[in-house]
Amino acid sequence: MKINKLPTHVAMIMDGNGRWALKRGKPRLFGHKMGVESLKRIVRACIELNIKYLSVYAFSTENWSRPKEEVDGIFGLVEDLCNNSLDKFNELDIKVVTMGDLSRLPNTLKNTLVDIKEATKNNKSLIFNIGINYGARAEIVRAVNNIISDGVQECTEQTFHNYLYTADLPDPDLIIRASGEKRLSNFMLYQCAYSEFYFPKTHWPDFSKKTLLKAIKAYQKRNRRFGGLKQENK
Ligand code: IPE
Ligand code: IPE
Ligand code: MG
């Protein structure tokens, strides 16, 4: 693997937990639980590979339509992950940020997220961006409303960018969706303008550092032109 052409920002659609569990005769929530283990592996792998930004899709604005038991189960897992990982995050120099509307989340989860963001705000090695109650359309509409209420007269692309949840993040270079589905499901629609996509069949609980390396190798073979002309693949 070439270390000089690493993606700066990798974004993950962590899909396939439910199917992974059902295939094993287990409840869907077991799949989500194992999905958290996968996520921990991938966070570590990103640190080892010196990837600077990792965004993950943990819960979409559309996922509220699932049974309450599953929704509560997912929220509980995110809360436990944050509560159990603070020391690890500080040890590994990981800064937690979020994208999505936290106001609709249960108070305990919301407070846990606010606390972990505050407690890790000076860390620098990896920016770990959790998409929770996140939907790209809601993000764009929120940006528009805030731009209006701030009385902005002329909105440039830079201004608009500054109103997104991801104002402090570069656009994702590589978006990976696990489980073989080839769609974005309302994920980072504005930011993905020039992202490269990778769709492994692997369900998220089976996703490993090896899968990530394969994705990065595929990414390194792509010729990113950004509307210009072909560059020599160095
Ligand atoms: C992704 O796994 C995790 C979330 C949406 C929270 P799914 O729960 O969507 O798993 P499948 O797609 O049903 O297999
Ligand atoms: C996208 O997966 C959301 C997350 C991974 C959190 P979904 O499973 O919700 O997407 P669809 O319904 O298959 O499009
Ligand atoms: Mg799914």
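α1 makes the greatest contribution to the shell around ligand 1, giving three residues, where helices (H or I, at least four residues) and strands (E, at least two) are DSSP runs numbered from the N terminus. This is a predicted model, in which local features need pLDDT of at least 70 and side-chain atom pairs pLDDT 80 or more, while totals for chains, interfaces and linings use all residues. Residues are numbered from 1 along each chain as its sequence is written, and side-chain values use heavy atoms, without hydrogens and water.

The shell holds 13 residues, with Asp 15, Gly 18, Arg 19, Arg 28 and Arg 66 the closest; a residue belongs if one of its heavy atoms lies within 4 Å. The polar contacts below are pairs of N or O atoms within 3.5 Å.

| Residue atom | Distance to an oxygen atom of ligand 1 |
|---|---|
| Gly 16, polar backbone atom | 3.4 Å |
| Asn 17, polar backbone atom | 3.2 Å |
| Arg 28, polar side-chain atom | 2.8 Å |

Of the 380 Å² of accessible area that ligand 1 has on its own, the protein covers 87% (Shrake-Rupley method, 1.4 Å probe).

Ligand 1 sits in the largest pocket, meaning that more than half of its atoms lie within 2 Å of the grid points. A pocket is an open set of points on a 1 Å grid over the protein atoms alone, where a 1.4 Å probe fits, with protein on both sides within 12 Å along at least five of seven lines; lining residues have an atom within 4 Å of a point. The largest pocket has 31 lining residues, and those closest to its centre are Met 14, Asn 17, Tyr 57, Ala 58 and Asn 63.

Conventions. Chains lettered and ligands numbered in written order. Polar contact = N/O pair within 3.5 Å; in protein donor to acceptor, adjacent residues only side chain to side chain.
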